[in-house]
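Please consult the sequence and the model while reading.

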Amino acid sequence: MGRYILRRLMWTVVVVIIVTLITFVIFYVLPSGDPALRFAGKEPTAQVLAQVRTDLGLNHSVAVEYLLYLKRLFLGDRYGWPGLGFSYSSGAAIAPQLWQRAQITIQLVLGAAVLWMLIGIPVGVYSALRPRSRFDRASLFVGLVFISTPVFWLGLLMLWLFSSTLGWLQGTGYVAFTTDPVQWAAHMLMPWITLSLAFAAIYARIVRSNMLDTLGEDYIRTARAKGLPERRIVTRHALRASLVPIVTLLAVDIATLVGGTVIVETVFNLQGLGSWVLYGALNQDLPVTLAVTLVATVAVCLLSLVADILYAYMDPRVRPE
Amino acid sequence: MSPPLLEIDDLTVHFPSAAGPVRAVDGLSLSLERGQTLGVVGESGSGKTVTFLAAMRLLERSRPEIHGRILLDGVDVLTLPAREMREIRGPRIGMIFQDPLSALHPLLRVGDQIAETVRAHRDVGRRDAWAQSVAALAQVGIPNADERARQYPHQLSGGMRQRVMIAMALILEPDLLIADAPTTALDTTVEAQILGIIDDLRTRLGIGVVLVSHSLATVADVADTVAVMYAGRAVERGPCQAVFAHPSHPYTWGLLDTVPALGAERSRLVPIPGSPPSLIDPPPGCRFAPRCAYRFDACTRHLPELVERGGGHADACVLPVPGRGARRNRLEPPGEEAAA
C-alpha cells in the first residue's frame, strides 16, 4: 500500500510538469500580445521594455523560461518554497495570496459538496424505492430545472430574493469563520446552495439508477429471503453497494471545482481561486494562472488517489491481497 | 392427521407483459411432508423457480398475478401480511440459490451476512450472533470456520460459497429448505458434496427439502418424491422410485433420454426435439403435444389434468399407452442397484 501511494505521488509530479508545460505553451503561443507591453507604461522606449521583460522574467526563450520556472517551483525562490514567483500586475508574491484564496474556495466547494450529497442521496434513494411515483417524476423535473439553469442567473436570483427582497441572508463577500461564525455561515449559504443544486440533481439521478440496479441484484433477493427488515436491506445492503461508485465521482467533481468555481465566486464576490484564475487569464498574469492551474492539478491527482484508497476500503474485491 | 409441511394447491402465477400475461405457473399442485425431499425437475422456464419464489413472496417487485394457495403447515403464506411473512423467511423457510457468488453480498464478510440473519430474528448480541455464525459454518463442513467467517465471498471457492448459503439458510433452524438449483454453478464433485450436506442436514434436523433442478440425475439420489414440470404445469409426480422405474409421461421419457448412462448400447444422447411453448399464448390441449412423438388428435383438444395411476404416482397424459411404464429407461432407478 505504501509503495502504491508513493508511486501515485510520483505520477502526480509528472502530471504537474505536463500541465504546467501546456499552460506555459498556451500562454506564449496564443496571439495575445507581449505581456511586457501591459506593464511598461504608455509608449515605452525599447530600453524600458527590455527592463520590464527582465523584471518579469520574460527575457529568455520559452524553453529556458519554462526550465527556470520548474527549477524555482521545485527548489523554491526568494519568496520561499514552492517558488511560485510574483504577480505581474501587482508585483506581490503569489504564495501567501494563493493559500488565502485556496481556503475560501475549499470552504465553498466542500460545503457545497456536503449539501449536494445531503440532498442528492436521499432523493435518489427515495426515487429508486418508488420508481415512476409522483415523487420520482417531480424530482426528475426539478432536477432538470436545476441542471439547465445557468449558475450565474441562479446566483443573481438568490441574491435578489434572499438578500435584496427578503433580507434573510447577507449579500456578497466573505467573512472568516474565526472572525464571526454566524456571519461566515450567512455569507456562505447562498454560494453553497447555488453551487450545489445542479450537482444535487445529477447525484440524485446517479444514486437512483445505481440503487435500481442494486435492488435487482441476487444478493438483495437473498437479504429478503432471510427475512431482513426492508429498512436494513435498503441501507446496509443496497445503499452501501450503490455508493461505492459515487466516491470516485465525488472526488473528481470536488477536484474539478477547486479551480473551476469562477462564476459562483464572481457572483458572490468571493476572493477564491476561480475568480483569480480568471483575472490571471484576462490580464496575462502568467504566474497567477500557473499557480491556480498547479493547485487544481494537484487537487485532481490527490483526490483521485484518496478516492482509489476509499474505494478499496469500501470494496474488498479491489483490495490488494 | 396434520397437514403436510408444504402444500401448493392449484397455483397460478401470471406476469403482466405488453403482449399479454405470461403464464409462468399455470395450475400447479404439489405437496411435501416433513423430513422428506421433493425433487422438482424441468427445463429453464418451466416455472420451477417462479413457484418457490412465489412461496417466499419474493416476486412482488415484478407485480405478478397469483392465484391458488401455498400452505405452510396449513397456513396460506400468500395471504399473510408483510410483517408476518418476514417472520416466515428465515425462521420457517430457508432458501438457497443457483449462483452463490451473486447471491452473497460482495461487500460484506460472510460471517456478518450469517450473523445479521440471526440478529434480524432473535434478540442476541453481536458477539453471540457471530459465534453462532462460525458454528454454522463449521456444521456445513467449512474448515477453519473462524477464519473463513472473516472473509468476503470472492475469497471463497464456489463450493464454499454454497456451503455459506446453506449455513445461512439453516441457521434459524427452519422447517423447510428450498434449494433452487443449488449445484448448477458447481463442479460435479462439489455437486455431490453439496447434495450430501443438504441430505445430511435434512436427516439430522428433520426438515423438509425442496430440491429444484433441471436434471433428473441430480435429484435421483436424494429425492423421496419427484415432480416433473413442463411449461408451468406438473406433468408427472410420484415417489422417486416409481417415477424413475416406470416413467409414464413422454416428457419424462425425453428427460431420461438426455441423461447419459454407463453400459448402454446406444452412446448417443437423444435431445427432446423442439422447444418449450410460448407461455403467453400456449397451444391448446397438452402443452407438450407439439414436441411429443406420441401425440394424437385428442392431445390438442383438452388440457390433461394429473391423474393418479396408483401408489401416489400421477401423470397428466391422455395416451392410452399399452404397457405404460414398461418402457426401458436408461437411468437406473435409485435403490435398485442394491437389489439387483
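Q: Which domains does the domain assignment of chain A give?
A: The assignment gives domain 1 (2-75) and domain 2 (96-318) in chain A; such bounds come from an automatic or database domain assignment. This is a predicted model, in which local features need pLDDT of at least 70 and side-chain atom pairs count only at pLDDT 80 or more, while totals for chains, interfaces and linings use all residues. Residues are numbered from 1 along each chain as its sequence is written, chains are lettered from A and ligands numbered from 1 in the order in which they are written, and side-chain values use heavy atoms, with hydrogens and water left out.

Q: What makes domain 1 and domain 2 of chain A count as being in contact?
A: Contact means heavy atoms within 4.5 Å. By that criterion, 21 residues of domain 1 of chain A are in contact with 16 residues of domain 2 of chain A. The domain centres, taken over C-alpha atoms, are separated by 33 Å.

Q: How much area is buried between domain 1 and domain 2 of chain A?
A: Buried area is the accessible area (1.4 Å probe) that two parts lose on being put together, summed over both. For these domains of chain A it is about 1600 Å², with carbon and sulfur atoms giving 73%. Of the area that domain 1 buries against domain 2, 30% is supplied by Arg8(A), Phe27(A) and Arg38(A), more than any other three residues.

Q: Why is the pair Arg8(A) and Asp308(A) called a salt bridge?
A: The term requires a side-chain nitrogen of Lys or Arg within 4 Å of a carboxyl oxygen of Asp or Glu. The closest N and O atoms of Arg8(A) and Asp308(A) are 2.6 Å apart, so the pair qualifies. The count between the two domains of chain A is one salt bridge.

Q: How do you know that Glu116(B) and Arg232(A) form a salt bridge?
A: Their closest N and O atoms are 3.0 Å apart, which meets the same cut-off. Between chain A and chain B the count is three salt bridges. Helix H8 (181-215), helix H9 (218-225) and helix H10 (230-258) of chain A each supply at least two residues of the side that touches chain B; helices (H or I, at least four residues) and strands (E, at least two) are DSSP runs, numbered from the N terminus.

Q: How many residues does the contact take from chain A and from chain B?
A: The contact takes 24 residues from chain A and 28 residues from chain B. The two chains bury about 2300 Å² between them, 58% of it on carbon and sulfur atoms. Arg221(A), Ala225(A) and Lys226(A) supply 25% of the area that chain A buries against chain B, more than any other three residues.

Q: Why are strand E2 (22-32) and strand E5 (75-76) of chain B said to stand at the edges?
A: Two strands pair if DSSP finds at least two bridges between them. Four strands of chain B form an open sheet in the order E2-E1-E4-E5, with antiparallel pairing. E2(B) and E5(B) each have a single partner strand, so one side of each is left without a neighbour in the sheet.
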